[in-house]
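This briefing concerns nonpolar cores and aromatic ring pairs. Please consult the sequence and the model shown here.

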Amino acid sequence: MNSSQKRDNALAAEYALGTLRGNARLRFEKRLRLEPELAAVTGRWQMLLAGLDSHIAPQQPPESVWKKIQLSLPPERSNARSRWSWNYLGWALAAGIAAVALVPYFGSKVPELAPLMVLNGATQQGQWLVSADSERKTLSLTPLRTAAISASNSLQLWAIPVGAKPVSLGLLDSRAQSKVSNGGVTLSRGVTIAISLEPQGGSPTGQPTGPVVYSGVL
């Protein structure tokens, strides 16, 4: 990984955490719309961090810890000085607890799914990040700044093997990550992954009836 890739990886992590702010965030979001590889890296960080809060249990420090902290603080000089000390202490403790919690999480947890491809829209804004397990039997689709759809429509995912008919892989949530199976299709090179706009509940015929709004080829 070169220095530019390392920097983009760090920016993607900050964006996923919500710590990238202001003009830097706006510039990054503009790049997401234009750079599929950067969108894929960002989607991976979003999936990795999405379940972080479910793996970390809150811990109550022992009373002895607080006593040692109090004894190590300098004597109070004023109310303002005291407030500054405790504010600084709070940030330091939060950073320390986060670091301790994140080390085993990132060191031991291996993501089940890895980015596979990005689906781009012909006329629709945004993209879809497609991730898969090592055997490509389970797919996860994450919308990246996609447009909302009306309540009378559904987004349906299809796998289209070379020279074969489309196979439905299920319906997608336009605002959240969706997980589907491969529908028995071998997801090898040349297979097209597409999303069509269908009536609410999906295609009534088992084949795409609406326009293809996002697509990509493995």
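Are W128 and Y214 buried or exposed? W128 is buried, and Y214 is buried as well, where buried means under 20% relative accessible area, exposed over 50% and partly exposed in between (1.4 Å probe, protein chains only). The model is predicted: local features need pLDDT of at least 70, side-chain atom pairs count only at pLDDT 80 or more, and totals for chains, interfaces and linings use all residues. Residues are numbered from 1 along each chain as its sequence is written, and side-chain values use heavy atoms, with hydrogens and water left out.

**Aromatic pairs**

- The structure contains two aromatic pairs (rings of Phe, Tyr and Trp, the last by its six-membered ring, with centres within 6.5 Å; planes under 30 degrees apart count as stacked, over 60 as edge-to-face and the rest as tilted).
- The ring centres of Y15 and F28 lie 5.2 Å apart with planes at 40°, so this pair is tilted.
- Y15 belongs to helix α1 (residues 3-17) and F28 to helix α2 (residues 22-34); helices are DSSP runs of H or I with at least four residues, strands are runs of E with at least two, and both are numbered from the N terminus.
- Both Y15 and F28 are buried.
- The rings of W128 and Y214 have centres 6.3 Å apart and planes at 70°, so they form an edge-to-face pair.
- This pair joins strand β2, which holds W128, to strand β8, which holds Y214, across 86 residues.

**Nonpolar cores**

- The largest nonpolar core has 21 residues, of which L119, L141 and I195 touch the most other members; such a core is a set of buried Ala, Val, Leu, Ile, Met, Phe, Trp, Tyr and Cys residues joined through side-chain atoms within 4.5 Å.
- Another core, of 17 residues, lies apart from it and includes Y15.
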